[in-house]
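Reader: Before I use this model, I would like to go through its confidence, its chain contact and one residue.

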Amino acid sequence: MTASQRRDLRDGILFTLPFVLGALLLWVGPMLYSLVLVVLDWNLITRPDYVGMKNLAKLVDGRDPLFYKSLYNTFYFTFFSVPLQLLAAFGLALLLNQPMKGLGIYRTIFYIPSITPAVAFAVVWIQILNPEWGILNQILGWFGVEPIKWLFDPAFTRPAFVLMSLWLVGPQMIIFLAGLQSVSPELKDAAQIDGANTWQSFLHVTIPAISPIFFFNLVIGVIGSFQVFTNAFIMTRGGPQDSTLFMVLHIYRNAFEWFDMGYAATLAWVLFIIIMIFTVIQFRFARTWVYYESEQSS
Amino acid sequence: MRTARFANLPWHIICWVLGISFLLPLVWMFSTALKPPGLVFETPIRWIPENPRWYNYPQVFEKLPLFSRFFVNTFYVTLMGASGCVLSSLLVGFGLSRINWPGRNAVFGMLIATLMLPGVVTIIPLYIIFRYAQLVGTFYPLWIPAWFGYAFYIFLMRQYMMTLPRELDEAARMDGAANFRILWQIITPLCSPAIATIAIFAFLQHYNDFLGPLLYISANEMFTLQLGLLWFQGRFGNFWHLVMAASVMTIVPVLVLFFTAQKRFVQGIQLTGLAGR
């Protein structure tokens with residue numbers, strides 16, 4: 001090893017040290033520590049007791065019905081909000097991909113809700129969804145819809161949350177738009193020459209070309225929506241009748257309201273594993289529908 | 001020309017309707033913030049209040065004098081967090097892109113691995129660790145992690161640095177410059193677009209952070225704006241005109257940032273696919 005190679009090795013280690021330390025102190029360490037918590041009964045004040053698989057048993061044998069409730073709510077939210085968000089984001093991106101004036105303004109307008117702080121967003125939506133004077137019921141009233149009790153009716157809280165999530169598709173929209181704009185015009189021209197109409201060229205050229213972006217948005221969207229928390233915490237506190245008790249809210253309550261650290265850590269691990277399983281499944285299935293240009297040509 | 005304009009008409013109508021829907025919550029907020037208490041729930045809604053009541057804004061501070069303190073707290077945390085993100089991503093990004101050393105690919109692999117890990121599993125152990133360190137109830141847990149670098153920002157910076165020509169450092173290296181000087185004097189000035197993007201997203205991330213302050217801050221005078229707004233809404237929930245005035249004030253800094261740096265927002269999202277919250 002020459003002197004300069006040795007210097008580069010030293011500097012490489014030094015420069016990346018913050019991240020490596022961070023990964024150990026903020027990820028690896030806490031995750032291992034959290035595994036230890038799983039076998040403990042601990043309220044942070046008295047001495048922790050070793051309880052073996054008790055926390056896991058509590059979760060499996062139905063002694064905590066709220067766990068299943070929160071699992072159901074979280075899956076419900078994910079299965080409806082993620083596909084609808086993808087559709088909404090893609091639809092908006094298609095709109096903004098048209099050659100017309102004023103696109104910058106529309107892009108700005110569609111994006112702005114995504115950057116509003118979550119608390120202000122939640123506080124406004126409490127009013128928009130108000131059964132008596134909320135704007136949403138007023139607008140639905142024009143079409144003859146009877147007032148809906150949204151946040152006060154367990155049947156409508158989850159749809160209300162899905163609806164709200166559609167206001168936050170700005171970033172996904174921009175990623176789609178970037179993808180649409182990078183679809184090569186030559187490919188579309190070639191399809192046109194081969195006699196494809198606009199719809200066919202959209203279906204067979206544009207869609208495959210941006211399928212990696214669909215995939216990216218899908219993976220990120222699922223990871224995010226499984227961890228939904230803030231709106232439920234602020235707007236409904238998990239209610240009514242636990243209809244908005246999502247998994248992270250349940251974890252939060254067990255840990256920081258009831259101080260059952262061991263059980264809360266167990267719940268967190270379960271959610272973590274669920275998310276990882278879904279991520280892996282998506283990557284597995286990706287081969288069947290995601291099209292990568294570089295793979296195809298080789 | 002005329003046919004083209006009419007051909008676009010359906011698109012414009014759709015965009016208009018959607019645009020109004022997307023703006024509705026914000027417009028309601030701004031409008032209600034200027035209404036007198038009695039007219040907040042008037043139906044049908046009067047979007048532009050007849051006599052805008054600007055007094056609502058100072059009244060927020062009269063009801064809750066601490067509200068100005070929340071701004072100071074928030075900007076402190078945001079500044080510390082954002083500067084940590086920028087510095088750490090410069091250092092680590094440089095180590096991962098412009099120094100050739102044996103462990104580089106391993107560290108980069110680690111970075112990619114943490115990119116998609118769901119953070120929910122570390123919330124509880126991190127809280128306990130910070131509690132052992134006697135840091136619960138201080139601002140440190142809110143910004144210390146930023147100084148170790150977030151994977152997204154490092155990734156963004158590394159990608160950007162990879163696009164700069166290699167000759168830049170090689171010439172300086174010939175002259176005997178050390179890596180740190182190359183980073184500081186040659187690479188950093190060229191990275192200003194990436195720095196700006198990271199600074200903006202890190203600002204938003206720390207400014208909008210809710211769970212962090214919720215877990216770590218309990219003293220009222222240490223609340224950030226997010227906690228403060230929630231507290232205000234809890235105490236003065238019947239005064240919706242004031243709650244909305246307070247909400248507007250928490251949003252304005254974000255809107256100002258957005259409109260001054262809109263281009264960077266778009267670039268940043270395209271580079272990383274990173275969401276704004």
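The questions and answers below take these topics in turn.

Author: This is a predicted model, in which local features need pLDDT of at least 70 and side-chain atom pairs count only at pLDDT 80 or more, while totals for chains, interfaces and linings use all residues. Residues are numbered from 1 along each chain as its sequence is written, and chains are lettered from A and ligands numbered from 1 in the order in which they are written.

Reader: Which element of chain A has the lowest mean pLDDT?

Author: The pLDDT is the predictor's confidence in each residue, from 0 to 100, and its mean over chain A is 91. Helices are DSSP runs of H or I with at least four residues, numbered from the N terminus. Helix α12 (residues 247-256) of chain A has the highest mean, 96, and the lowest, 55, belongs to helix α14 (residues 293-297) of chain A.

Reader: Is A:Leu177 buried or exposed?

Author: A residue is buried if 20 or more other C-beta atoms, placed from the backbone, lie within 10 Å of its own, exposed if 12 or fewer, and partly exposed in between. A:Leu177 lies in helix α8 (residues 170-181) of chain A. Because 25 other C-beta atoms lie within 10 Å, A:Leu177 is buried.

Reader: How far apart in space are A:Leu177 and A:Ile210, C-alpha to C-alpha?

Author: In sequence, A:Leu177 and A:Ile210 are 33 residues apart. Their C-alpha to C-alpha separation in space is 9.7 Å.

Reader: How many residues does the contact take from chain B?

Author: Residues are in contact if their C-beta atoms, placed from the backbone, lie within 7 Å. The contact takes 70 residues from chain A, and from chain B 73 residues.

Key: Helices (H or I, at least four residues) and strands (E, at least two) are DSSP runs, numbered from the N terminus. Two residues are in contact if their C-beta atoms, placed from the backbone, lie within 7 Å.
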